[in-house]
Amino acid sequence: MSTSDSGWNPDWRNISGSGAGTTSYAATSLTNGIEYTFQVRPVYTPDAPGKEGEVKSVPRGPLAAPRNLVAASAGDGELVLVWADPSDITITGYQYRHRNTSDTGWNPDWTAIPGSGASTTTHTLTGLTNNLLYTLEVRAVRDGTGGPSARDMEPPRGPLAAPASLAAASGEDRQVTLSWDSSGDDSITEYEYRYRVSSESGWDPDWTSIPGSRWTTTSYTVTGLSNRTGYTFEARALRGSRRGPEATASATPEGPPTVPLAPGSLDADGNDRSISVWWQKPAGEDARAPVTSYRVRYRQVGTLSWRNVSRANDDDSGRQVISDLANRTHYEVQVAAVNRVGTGAWASARATPQGPTAPPPEPEGDETSDVGTLSTYWDHPDARRNLLQIESCSGSLSFRVIWAGPAQDRRQADEWAAHVNTLGGAGRVSYSFSSSPGVHGGNYFEMNGTVRVEGTSRLTIQVRGRFGSNWGSWSPRSSLYCVETQ
């Protein structure tokens with residue numbers, strides 16, 4: 001019987017041709033490597049067998065190559081060798097050898113697997129070079145003699161690494177291209193990516209397979225993004241179901257080049273029959289389409305027709321003087337930046353050309369005909385006498401100036417004259433004179449007028465009277481202020 005039998009197989013049978021002198025017998029058709037139990041007994045008469053003797057033995061046969069040898073990547077620089085159990089208890093150990101593509105021979109040659117025996121079916125090799133293809137052989141040993149070998153080939157993989165030098169670059173409209181260095185690891189089965197808006201915490205979408213990716217893949221273009229929005233991207237390699245660490249990069253899809261934004265800090269200042277205009281470059285200039293020049297145009301406030309300014313140097317300078325304008329007339333000025341795509345948004349400002357502030361004519365005649373101090377008022381509910389603070393000064397404003405006349409006799413002048421200077425955004429002025437009875441007798445005199453205002457501005461007013469053929473002295477200067485509070 002063998003160790004795998006449940007009973008004697010076969011049970012007692014005669015040894016053919018045996019007799020009193022027989023001392024040996026060869027059992028055949030046994031299974032190598034399995035221990036058998038044999039019993040032998042003498043037979044005196046068919047009904048009188050003698051006492052049996054017993055012996056155990058294992059048929060050896062030739063050593064066989066390990067079956068189903070497989071080499072598989074284990075840890076960093078490791079390969080594990082696995083083979084099937086031959087069920088041969090005569091095996092006293094196993095040996096291995098290996099070489100890689102850069103070796104000229106086996107390195108090392110046949111080496112005993114420490115502690116191996118008949119039941120050994122695995123061994124782990126260490127200190128190998130990752131991603132280098134190795135040829136490996138294993139054989140059984142019986143009493144110092146090696147049998148035939150089995151062979152397999154495999155590179156040790158080591159742990160998966162994050163994609164090296166991951167970069168994200170803005171591509172075409174609403175796209176970002178991810179790129180990374182090749183790992184040289186042909187065990188990578190695919191890559192995954194995910195992204196999110198950088199200012200948000202949730203990934204949308206989360207990990208997604210890169211279609212058709214394999215170990216040689218080194219780039220992928222993500223589409224369907226929003227232009228001028230910052231994104232954070234991550235990518236990682238997979239080896240079957242095993243996922244490696246991720247690498248991170250950020251980018252902002254710019255989309256196709258666009259026209260510039262409006263110039264910044266546009267300012268206009270009125271001079272004598274001219275306006276000086278200043279501005280700065282538009283914010284966020286697209287380096288793919290930089291500003292190459294500027295357009296300047298103007299129109300009188302209240303009209304629809306623009307006049308383009310011919311620029312002597314059509315470059316990116318931020319200053320322009322517009323000449324041959326009418327003083328005390330309000331103008332709107334616009335400036336736009338130009339690049340290779342086209343003309344950008346217009347920035348607007350307003351200004352009013354003003355002649356130089358003129359002193360009043362020298363008085364003639366009677367110096368005693370001084371009209372005294374002027375009392376100046378805005379005819380507006382929000383005014384504090386000569387100061388008006390409102391959100392917008394634009395429009396026509398009414399004002400009133402009152403004085404008593406010559407102090408010595410309050411006498412009526414034959415004619416009144418005014419001297420008005422307009423500053424800032426104040427433009428054309430119209431006015432008229434009248435007189436009214438005073439509360440204590442006599443008369444007081446008024447100047448009622450309107451001024452076209454465009455922004456924060458100021459008027460200075462002086463009056464004098466003509467008495468007969470002589471003009472009196474100019475009054476002290478009185479001012480009206482309109483201040484925008486925005």
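Hi everyone, let me start with R60, which is partly exposed at 42% relative accessibility. Please keep in mind that this is a predicted model.

What does R60 pair with? R60 forms a salt bridge with D143, and their closest N and O atoms are 3.3 Å apart. The two residues sit in distant parts of the chain, 83 residues apart: R60 is in the loop between strand 4 (53-57) and strand 5 (70-73), while D143 is in the loop between strand 10 (134-142) and strand 11 (145-154). D143 itself is exposed, with a relative accessible area of 56%.

How many salt bridges does the structure hold?

Take R97 and E137, whose closest N and O atoms are 2.9 Å apart in a salt bridge.

Next come E234 and R194, with side chains meeting in a salt bridge at 2.9 Å, N to O. E234 is in strand 17 (residues 231-239) and R194 in strand 14 (residues 190-197), so this pair ties together parts that are 40 residues apart in sequence. Are they buried or exposed? E234 is buried at 9% relative accessibility, and R194 is buried at 14%.

Now for some backbone details. Most residues other than glycine have a negative phi, and most peptide bonds are trans. Here are a few that differ from that pattern. R174 has a positive phi, near 65 degrees, and is found in the loop between strand 12 (167-170) and strand 13 (176-179). D324 also has a positive phi, of about 60 degrees. It lies in the loop between strand 24 (319-322) and strand 25 (331-338), and is exposed at 65% relative accessibility.

As for cis peptide bonds, one joins N9 and P10, with omega about 0 degrees, and P10 lies in the segment before strand 1. Another joins N107 and P108, with omega about 5 degrees; P108 is in the loop between strand 7 and strand 8.

Finally, a look at strand 27 (residues 375-378). T376 and W378 are on its covered face, while S375 and Y377 are on the uncovered one. Strand 27 pairs with strand 30 (residues 395-403) in the antiparallel sense over 4 bridges, and T376 has V401 as its bridge partner there.

Terms used
Residues are numbered from 1 along each chain as its sequence is written. This is a predicted model: local features need pLDDT of at least 70, side-chain atom pairs count only at pLDDT 80 or more; totals for chains, interfaces and linings use all residues. Side-chain values use heavy atoms; hydrogens and water are left out. Buried means under 20% relative accessible area, exposed over 50%, partly exposed in between (1.4 Å probe, protein chains only). Two strands pair if DSSP finds at least two bridges between them. A salt bridge is a side-chain nitrogen of Lys or Arg within 4 Å of a carboxyl oxygen of Asp or Glu.
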